[in-house]
Amino acid sequence: MSYQITEKFISKNRSGKVLTAKGTVLHETATPGATAENEFRYFNGAYRGVSAHAFVDHESIIQTVPWNEQAWHAGGTANRNYIGIELCNFDDRSKFDEIWKRAVWLFAYVHVNVIKVTTINKDTLMSHAEVSAKWKETTHQDPIAYFAKFGKTVDQFREGVQKAINVMIGQPQQQQNNNTVLYGTVTADVLNVRDGASTNFGVIGKLKKGERIKLGWREGNWWNIYFGDHGGWVSADYINVFEEEPKPKIQYGIVNVKSSLNVRSGAGTNYSLIGNLKNGVKVRIGSTEGDWYNIYFGDHGGYVNKDYIKLV
Ligand SMILES: [Zn+2]
């Protein structure tokens, strides 16, 4: 799942100071019923002495301050070090659930792509209440009460963000559990390869119709593909996916004897003779057992001494 981030930078309430964020602060607007667009208008409308990087409602995500500029959301210390994101306040459960989903995604996105800190804990993702308790530069307790109304906690939010991050960065266990390798062919005439999982990201290359690519993992409607040195993203709408089982290497050998080679029912001369093979015959080898090859022979296979088989 991925969502659109709409950039609508406010012209007022801007610090103009550079931010190299080391984490995020989770807020709630405490303005019941106000959408992200309402918040944008409010902060763009006049000097408020307050701002945040983004607002999330049940239908949209609006970014109002660039990620690399300090916003005024949680007191001096947090503002100089953290990105502040506000969840809009709605009473309706289904709207809250949508806001939660979008916010979890947005925090994960920001941690992976902007801050590049992918371990979520109480230092890297703080609630405003935790910021207030730690630096005592503000007294706000959000979003504790808002979350509690819907039976949620900040710790659950952190858990959700960590899981979303793991999906975004492609947890290795997902790949390892599955031995099949996914490939795809391009169905569009020309397909853009982008730097991230949305059309907001830059185009880093193009693929032609029919080209075969190795797929990594899927995020929403986007495939992460093997491309260049760092991979890229393509829309899943234009990829025809197929699986390829890793094929065991097939091994053949040529019988190399003066007359004929005994085929036995087991891996030893004490096993009964079940047939013989002439010099130069090609055999398919199933497995190796000591000095013997198990070969495809008759209905049940047989064993031949390795000394008389030349591998090809
Ligand atoms: Zn706050």
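A residue is called buried here if 20 or more other C-beta atoms lie within 10 Å of its own. In this predicted model, the buried residues of helix α1, which covers residues 36-45, are Ala36, Glu39, Phe40 and Phe43. Seen down the axis of α1, these buried residues fall within an arc of 105°, so they line one face of the helix. An α-helix has 3.6 residues a turn, so residues three or four places apart point the same way.

**Surroundings of α1**
- The buried residues of α1 pack against the strands β2, β3 (54-56), β4 (61-63) and β5 (82-89).

**Helix α4**
- In helix α4, made up of residues 128-135, the buried residues are His128, Ala129 and Val131.
- Because the buried residues of α4 fall within an arc of 160° when seen down its axis, they line one face of the helix.
- The elements that cover these buried residues include β2 (23-32), α2 (76-81), β6 (125-127) and α5 (144-149).
- After α4 comes Lys136, which has a positive phi, near 55°.

**Glu159 in helix α6**
- Glu159 belongs to helix α6, which spans residues 154-168.
- Glu159 counts as partly exposed because 13 other C-beta atoms lie within 10 Å.
- Although Glu159 and Ile120 are 39 residues apart along the chain, their C-alpha atoms are separated by 7.8 Å.

**Domains**
- The protein chain is divided into domain 1 (6-168), domain 2 (177-244) and domain 3 (251-311).
- Between the C-alpha centres of domain 1 and domain 2 there is a distance of 31 Å.

Notes: Residues are numbered from 1 along each chain as its sequence is written. This is a predicted model: local features need pLDDT of at least 70, side-chain atom pairs count only at pLDDT 80 or more; totals for chains, interfaces and linings use all residues. A residue is buried if 20 or more other C-beta atoms lie within 10 Å of its own, exposed if 12 or fewer, and partly exposed in between; C-beta atoms are placed from the backbone. Helices (H or I, at least four residues) and strands (E, at least two) are DSSP runs, numbered from the N terminus. The arc is that of the directions from the helix axis to the C-beta atoms. Two residues are in contact if their C-beta atoms, placed from the backbone, lie within 7 Å. Domain bounds come from an automatic or database domain assignment.
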